Amino acid sequence: AKGGQAFMPWHSLAAAAVHDTQQPLFAVAASMLDLPGGGARVSGVTLLEPGCEWLAKALLAFGLDCAHLEPDLTDAEVEAAADFDETCQGLGDNLSCSRAALAELMALFQVAQSQCFEP
């Protein structure tokens with residue numbers, strides 16, 4: 001469902017964590033079932049950081065347009081996302097872990113090596 005509302009129990013972690021945010025909030029779901037009338041039933045929901053910058057970086061990193069989000073990204077962030085997309089294109093059908101691509105992705109999302117497990 002695009003731009004809709006999410007109904008969740010008032011006592012859920014997600015409802016308690018985001019009830020006052022003034023920034024847009026996006027989420028991804030592991031599975032989704034469209035319901036009549038435009039609704040949807042989802043499970044395995046992960047909330048993204050408030051704002052559209054995280055989602056915009058993710059879309060750009062895989063060569064998708066994000067102009068509709070009007071993100072506040074620096075030129076360096078846009079270039080880093082484009083570089084990661086190029087790296088992925090070069091991997092082709094290779095499904096093995098690429099440490100170089102992982103390092104690029106971690107830098108794009110400002111994730112320190114200490115926050116990750118060793119693959």
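Select strands S1 (residues 27–34) and S2 (residues 40–47): they pair in the antiparallel sense over 7 bridges. Strands here are DSSP runs of E, at least two residues long, and helices are runs of H or I of at least four, both numbered from the N terminus. Two strands pair if DSSP finds at least two bridges between them.

This is a predicted model: local features need pLDDT of at least 70, side-chain atom pairs count only at pLDDT 80 or more, and totals for chains, interfaces and linings use all residues. Residues are numbered from 1 along each chain as its sequence is written, and side-chain values use heavy atoms, without hydrogens and water.

Pick alanine 27 next; its bridge partner in S2 is leucine 47. Then go to the hairpin, with 5 residues between the strands, where glycine 37 takes a positive phi near 90°.

Now the rings. There are 2 aromatic pairs. Rings of Phe, Tyr and Trp (its six-membered ring) pair if their centres lie within 6.5 Å; planes under 30 degrees apart are stacked, over 60 edge-to-face, the rest tilted.

Show tryptophan 54 and phenylalanine 109: a tilted pair, 4.8 Å centre to centre, with 40° between the planes. Tryptophan 54 sits in helix H2 (residues 53–61) and phenylalanine 109 in the segment after helix H4 (99–108), so the pair ties together parts 55 residues apart in sequence.

Move to phenylalanine 62 and phenylalanine 84. Their ring centres are 5.6 Å apart and their planes at 85°, so this pair is edge-to-face. Phenylalanine 62 is in the loop between H2 and helix H3 (75–91), phenylalanine 84 in helix H3.
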